[in-house]
Amino acid sequence: MNDIIKIFIDGREIEACQGEKILDAALRNNINIPNLCYDKKLSCTGSCRMCIVSIEDRPVNVPACSTVVENGMKIIAFNDKLEAERKVILDLILSMHNDDCINCVKDGSCDLQDLAFRYDLGRGKRTFHPMWGDAAEYSDSSSQVLNYDATKCIQCQKCIKACQEIQGKGILTLENRGIEAVVSTGYNQWSDSKCDGCGECAQVCPVGALTMKFVYTDGKRFRDKDISKITGTTCPYCGVGCQLDVHTNSENQIIKVTGSESLPNLGSTCVKGRFGLQYSGHKERLKSPMIRRGNSLVECSWNEALAFTAEKLKEIKSIHGGADMIAGMSSARCTNEDNYLFQKFMRTVIGTNNVDHCARICHGSTVASMLTSLGSGAMTNAIADFEKADVIFVTGSNTTETHPVIATAIKRAVLNNNARLIVADPRKIDLVRYAAVWMKQKNGTDIALANGLIHVILKESLQKDDFIKNRTEGFEELKKSVEKYTPEYVEKITGVPADKIIEAARIYGTAQRASIAWTMGITQHACGTDNVTALTNLAVITGNIGREGTGLNPLRGQNNVQGACDMGAQWDSYPGYFQVENETAKNRFESLWKTKLSSKNGIPLTEIMDAVLEGRLKSLYIMGENPAVSEPDLNHTVEALKSLDLLIVQDIFLNETAQYAHVVFPAASALEKNGTFTNTERRVIPVRKVLNMPGQAKEDWEIIQDLAAGMGYFWNYRSWEDIMKEINLVVPQYSGITPERINKGELIQWPCPDSKHPGTSILHGEKFTRGKALLQAVEHIPPAEETSEEYPFVLSTGRNLFHYHTGTMTRKSIALNSFCSDPYFEMNEDDMRELAINEGEKVKILSRRGEIIISARSSKRVEKENLFLPFHFAEAAANMLTINALDPKSKMAELKVCAVNIKRL
Amino acid sequence: MNSSISVILKKYESKSRDSLIPILQEVQETEGYLSKDALVEIGKDLNLPVSKIYGVATFYNQFRFQPKGKYHILVCRGTACHVKGSEKLLETICRNLDLKPGMTTKDRMFSIDTVACLGACGLSPVICINGEFVAKVTPKKALKILDELKEKESENARV
């Protein structure tokens with residue numbers, strides 16, 4: 001903490017921190033010195049000069065935004081002379097500004113308009129001739145989501161700084177000088193630049209120069225004053241859990257979306273959160289329950305749909321061992337309350353542990369590994385901790401596209417705090433530009449790479465011996481196992497040059513605070529659990545855990561995948577990670593839920609389709625999942641779905657899976673319900689109702705409760721709060737995260753044992769959840785499928801910034817489609833030349849399991865003989881090709897590596 | 001990688017952003033202008049966003065972003081020439097060639113720049129075509145010169 005000093009502003013004594021600027025101290029004390037180019041999140045620009053103040057014994061006025069406080073400083077912020085000078089400055093600024101307020105969307109919320117009013121500078125009262133006309137030719141509305149009106153720009157440069165200092169992108173610049181100085185994207189017009197439409201710039205613009213396009217109202221313009229309500233809720237896309245402010249008008253139509261200035265995103269969003277929420281009001285939304293009659297699904301009443309489903313379920317359940325012939329797929333897209341009730345339904349009403357969700361093919365292997373070695377499977381630190389690290393190791397994560405707002409934190413760490421970034425990824429992802437070292441390993445060689453890093457660290461004695469001695473077990477075995485992973489040996493396996501491995505190991509090993517982040521590139525392998533274990537070993541032997549800026553940080557994919565796991569939507573654990581096969585745990589839940597429970601592990605998600613085809617499962621209840629696109633080996637999946645006796649689909653759209661359903665329940669979207677999500681950093685965050693549900697749709701928990709009633713179980717939850725209160729009792733980590741605290745706006749990270757506890761930002765501080773960390777030796781295992789003459793390419797699947805999961809939500813957004821609308825795959829440009837494939841040409845990709853037709857995109861990002869294929873597009877589903885090889889420890893499918901071939905059509 | 005640019009970049013080994021302007025000057029000297037590829041390369045070398053470099057370069061009048069034309073016309077905008085009507089002269093030339101100062105025609109034949117003063121106020125209004133001064137240029141005279149040059153070039157093309 002900096003020293004506190006005293007300064008005087010207009011005779012008033014106030015406290016300031018050593019080193020801070022006068023304006024910061026003044027604004028904190030509600031002394032509202034006018035300003036236009038200042039933003040507390042950005043470095044000082046000092047260009048508008050509105051904040052000039054005079055300081056005793058100094059001959060000239062100084063800008064308060066760029067002048068550092070000194071002890072005892074006597075400052076005058078307001079007197080007639082300063083105000084007169086400010087008026088002249090403002091008059092000059094206004095001469096550069098097209099004050100067409102009458103037709104400006106910022107009317108009513110424009111900082112310049114407010115100041116012009118405050119200083120009585122209406123059109124008739126100005127001295128300087130308007131000069132903004134010359135700037136008109138520099139306006140640029142070519143961006144898919146933004147408009148730049150150069151005639152309104154006052155060159156405050158906030159947008160340029162937001163792009164560079166907050167987003168770390170550096171796309172915007174100030175072009176020309178003097179009267180012609182304008183904001184631009186440089187050589188290119190906006191749409192041809194690298195701008196990805198996050199909209200951070202538009203959010204900081206103090207005037208109407210840089211504004212968001214009206215993507216929610218088909219271009220129809222609204223002023224900020226037309227907004228009648230702003231609802232704070234959580235973004236329904238990735239696991240970052242950005243807090244959004246959704247602005248709606250009196251007709252309850254979304255006008256625009258901005259990032260809230262709270263944790264974890266501090267005002268930022270990505271293009272999906274800000275511009276991609278159109279799915280909620282989309283015309284294809286399910287509005288009525290549907291039931292299968294012959295070959296088609298027809299609309300029916302809730303009563304009919306529920307009665308039919310309940311009867312069928314009861315019928316299957318009544319067969320001997322029938323309860324275990326029913327399985328449920330819960331959803332990481334739904335709230336904690338929905339997930340809790342779903343698994344409770346499966347466990348108590350149906351009487352089976354056959355409940356799982358997509359975490360199985362996401363971070364299932366992370367959870368399995370970290371539960372064993374540390375005792376908790378979640379991200380150990382907070383998102384904000386990335387900016388406190390001095391080394392960040394990102395592996396198997398294209399963070400810029402999968403967790404865009406976390407990527408900005410990583411970039412800020414590098415650009416603003418001089419943190420060093422190590423990237424290990426087979427593709428030249430965007431973060432490579434920021435990296436001190438990039439290790440380009442071959443797909444599926446992550447264990448060898450991590451073991452190689454550990455080998456170097458031990459050889460050079462960079463490990464923390466005290467930490468190893470006091471807080472770990474199993475070190476000797478680990479040490480022995482990594483002996484053979486010399487940099488040269490690892491180079492042979494991974495293809496990463498030995499000197500790069502040594503360099504990376506030294507950077508990581510000598511860090512004071514080093515953080516590791518990973519996603520599917522580590523987990524989606526048949527050796528996914530061991531991949532994570534190898535990373536855990538690396539962090540633990542260097543003591544990089546349990547402190548600020550360190551940690552093992554699996555970035556969770558879906559908005560509520562952490563919560564769905566916490567709520568026990570898992571085949572082997574109850575809520576709170578109590579193991580199903582543990583007798584004590586079973587007794588605990590039997591007494592809590594006052595019913596008998598099955599003591600047998602359920603069927604994991606990735607084995608469900610096999611079980612169906614083997615006749616072990618007759619019915620599936622799928623809530624908010626789309627296995628007909630997301631599961632590995634789709635032909636197999638579809639065959640299974642077709643053979644079910646009863647397929648219940650509960651969703652917001654009639655998705656690909658619903659085509660095979662016997663009954664369909666229309667559910668509310670995340671923008672239409674109340675409840676909570678738990679983001680990747682274990683923070684329980686609110687979901688608040690913005691829009692009304694279409695037709696007869698209901699919130700998921702209500703549908704589950706109604707179905708339970710149909711089966712003769714009468715629960716009595718009236719709201720999400722009632723369910724959360726039960727979660728407080730059942731899930732120890734959530735004990736203190738009460739609905740009252742959530743409604744008050746507290747954003748608490750679990751574990752939170754009681755209602756006074758502030759939550760836990762960093763896990764494993766004093767001791768590991770399991771006591772001592774378990775170091776486990778792991779060996780390199782080659783991928784399940786390697787290339788051959790017949791299938792010479794390695795295919796990796798993944799995501800693209802503009803779309804989400806199977807695209808059911810994002811592909812309904814015209815704005816997002818304008819960035820990327822059609823399926824494609826990335827191929828090395830040299831490979832394309834050799835095979836004479838043209839840019840955009842449609843080709844056939846074949847694997848041993850299936851084939852798709854898709855257009856080729858040449859890329860510098862992928863290596864030769866490697867292909868990258870986004871899995872968002874059902875019409876060219878990546879999972880037609882992928883292999884269902886499972887990790888024996890976590891049942892994860894190997895979605896990241898399979899062998900394919902390419903044929904020209 | 002353009003070799004002439006990499007030679008220039010090698011000379012500035014400190015990789016500090018202080019070298020940006022000297023590098024830009026030298027690149028312009030060798031290449032005649034600052035191409036997009038050149039800025040990308042400089043950006044990679046100095047670890048600066050290309051947009052930032054573009055912003056810096058557009059601040060100074062000395063940098064151009066299109067190659068010079070076969071006929072590079074400098075129009076003097078100094079005080080004496082201004083008094084003698086150089087504003088109108090510049091406007092006429094620009095309209096005739098459909099160009100703005102700093103730009104080059106699509107056929108790469110003509111380019112225009114303005115200068116603050118050519119130091120030949122006695123000849124005002126003065127223009128300079130490929131280093132040769134043309135004195136007391138009225139808009140009419142300018143158009144005649146342009147027509148002659150265009151005529152000459154189309155004849156060349158026919159031959």
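This passage walks through chain B and then looks at one residue of chain A. The model is predicted, so local features need pLDDT of at least 70 and side-chain atom pairs count only at pLDDT 80 or more, while totals for chains, interfaces and linings use all residues. Residues are numbered from 1 along each chain as its sequence is written, chains are lettered from A and ligands numbered from 1 in the order in which they are written, and side-chain values use heavy atoms, leaving out hydrogens and water.

Chain B holds 7 helices and 4 strands, where helices (H or I, at least four residues) and strands (E, at least two) are DSSP runs numbered from the N terminus. Read from the N terminus, the order is α-α-α-α-β-α-α-β-β-β-α. The C-alpha trace of chain B spans about 50 × 45 × 25 Å along its principal axes.

Of the 159 residues in chain B, 44% come out as buried, that is, under 20% relative accessible area with a 1.4 Å probe, protein chains only.

Over in chain A, A:Asp80 sits in helix α2, residues 80–95. A:Asp80 counts as exposed because its relative accessibility is 70%, and exposed means over 50%. From A:Asp80 to A:Lys225 there are 145 residues in sequence and 33 Å in space, C-alpha to C-alpha.
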